[in-house]
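Subject: Structure handover

Hello,

Here is the structure for your files. My notes on it come after.

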Amino acid sequence: FKNTDYERAALTAVYDQIISDLEDAKEVCYYASWIGKSPSLNAADLGRATKGAARGLLAKVYLTRATYPLNDASYFEKAYDEAYPLVLGADQGDYILDASYANLFTVAGETSHEWMFQVNHHADALLGNVWGGVNNPLGAGAAINQGFGRYNPTLSFIESYELGDPRQSHNISQGKIYENEQIGNKKNGVVIHQPNTKNWYTYKFRFTSKPIGRFQTDMNAPVLRFGDVLLAFAEAAAKSNNSADAIYALNLILDRAKNGGAIPASVTETDFAVGTDELTSFIFEER
């Protein structure tokens with residue numbers, strides 16, 4: 001039965017419902033197991049929605065409502081206020097950036113305290129998972145290229161990274177990923193990189209050995225991580241005339257990305273002309 005008599009709800013009404021749901025979630029959800037506050041989930045509950053996840057998602061909803069098509073600028077301050085406790089306020093330290101950017105996108109990195117919300121997947125799940133089939137860099141049979149070439153980086157995206165930014169070499173592979181060597185009629189399951197300057201692929205989520213199959217992996221699907229919330233906070237701060245807090249959040253992202261090197265460089269308020277959109281443009285590029 002399909003009822004076609006309903007009219008589309010007003011956009012503001014949809015936002016109001018989402019906000020109401022997330023406000024409720026902030027009240028009834030528990031804290032993540034490692035935070036040590038009450039009420040708290042157990043470690044075995046990894047993957048369940050938490051207070052932090054609700055707050056982070058709500059900050060992003062406010063930020064979206066502030067922009068196209070509603071363009072209600074008052075929601076920039078709401079986004080800033082919602083994310084503030086996680087970044088600089090009472091909940092600071094509940095979530096932290098993983099010391100290794102690359103670790104986040106591995107099976108081992110799923111327990112990182114940067115992850116705020118993931119959809120759990122298990123290789124032995126009877127129904128499997130489409131997420132693994134779309135993003136798995138290896139096929140069910142012989143190893144194939146990353147994601148079967150469904151997501152190939154454009155030249156403009158490749159060149160958008162500053163030369164020497166370690167995130168480029170992690171997120172983009174120049175060449176293909178294969179199982180290592182043939183043993184009898186089977187591969188040994190060890191993943192190696194075969195460079196090829198003419199072929200570029202996305203290669204963000206990584207396996208150290210070939211999964212059971214492209215629809216049977218332990219790789220969780222990402223929903224929200226603290227790095228995302230930091231950039232939402234930075235944008236909301238910049239739009240709320242609080243560039244100092246925006247710079248603070250940005251430098252957390254940049255300092256982790258450089259991984260002990262010099263690129264990408266940290267920033268200061270003097271790097272951006274006052275009264276312009278230079279700071280927000282830089283934040284967009286970091287996204």
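The model is predicted: local features need pLDDT of at least 70, side-chain atom pairs count only at pLDDT 80 or more, and totals for chains, interfaces and linings use all residues. Residues are numbered from 1 along each chain as its sequence is written, and side-chain values use heavy atoms, with hydrogens and water left out.

Pockets

The search ran on a 1 Å grid over the protein atoms alone; a pocket is an open set of points with protein on both sides within 12 Å along at least five of seven lines, a cavity is a set where a 1.4 Å probe fits but cannot get out, and lining residues have an atom within 4 Å of a point. Grid points are joined across faces, edges and corners, and a volume is the space filled by probe spheres set on the points.

The largest pocket holds about 1000 Å³ of space. Its lining has 34 residues, and those closest to the centre are Tyr 101, Tyr 161, Lys 204, Glu 286 and Arg 287. Elements giving two or more residues to this lining are helix 4 (130-135), helix 5 (155-160), helix 6 (166-171), strand 6 (221-225), helix 7, helix 8 (243-258) and helix 9 (278-286). Helices (H or I, at least four residues) and strands (E, at least two) are DSSP runs, numbered from the N terminus. By class, the lining of the largest pocket divides into 19 nonpolar, 5 polar and 10 charged residues. For these classes, Ala, Val, Leu, Ile, Met, Phe, Trp, Tyr, Cys and Pro count as nonpolar, Asp, Glu, Lys and Arg as charged, and the others, Gly among them, as polar.

The second largest pocket has about 330 Å³ of space. It is lined by 15 residues, with Ala 238, Ser 243, Gly 275, Thr 276 and Leu 279 nearest its centre. Helix 7 and helix 9 each supply at least two of the lining residues, and helix 9 gives the largest share, 3 residues. This lining has 5 nonpolar, 6 polar and 4 charged residues.

Cavities

The whole structure has 3 cavities of 30 Å³ or more. The volume of the largest cavity is about 140 Å³. It is lined by 18 residues, of which Trp 34, Leu 46, Gly 47, Arg 48 and Thr 50 are the closest to its centre. The lining of the largest cavity has 9 nonpolar, 6 polar and 3 charged residues.

Two buried side chains

Thr 50 is in the loop between helix 1 (11-28) and helix 2 (51-65). Its relative accessible area is 4%, so Thr 50 is buried (under 20%; exposed is over 50%, partly exposed in between, with a 1.4 Å probe and protein chains only). A polar atom of the Thr 50 side chain lies 3.1 Å from the backbone nitrogen of Ala 53. Not counting residues up to four places away in sequence, Thr 50 touches Cys 29, Tyr 30, Tyr 31, Ala 32, Leu 41, Tyr 95 and Met 116 (contact means heavy atoms within 4.5 Å).

Ser 112 lies in the loop between helix 3 (74-87) and strand 1 (115-119). Ser 112 is also buried, at a relative accessible area of 9%. Its side chain makes a polar contact of 2.8 Å with that of Asp 98. A polar contact is a pair of N or O atoms within 3.5 Å; within protein, one must be able to donate a hydrogen and the other to accept it, and residues adjacent in sequence count only if both atoms are side-chain atoms. The Ser 112 side chain also has a polar atom 3.1 Å from the backbone nitrogen of Glu 114. Beyond four places in sequence, Ser 112 is in contact with Trp 34, Asp 98 and Leu 104.

Helix 7 (residues 226-239) has 14 residues, and at 1.5 Å a residue it should span 20 Å; its end C-alpha atoms are 20 Å apart, which agrees. The expected span is 1.5 Å times one less than the number of residues. Of the 14 residues, 13 are buried, so helix 7 is largely enclosed by the rest of the structure.

Most residues other than glycine have a negative phi, and most peptide bonds are trans. Just after helix 7, Asn 241 has a positive phi of about 60°; Asn 241 is exposed, with a relative accessible area of 77%. Asn 259, in the loop between helix 8 and helix 9, has a positive phi of about 55°. Asn 259 is exposed at 60% relative accessible area.

There are cis peptide bonds from Ser 38 to Pro 39, with omega about 0°, and from Ile 263 to Pro 264, with omega near 0°. Pro 39 is in the loop between helix 1 and helix 2, and Pro 264 is in the loop between helix 8 and helix 9.

Regards
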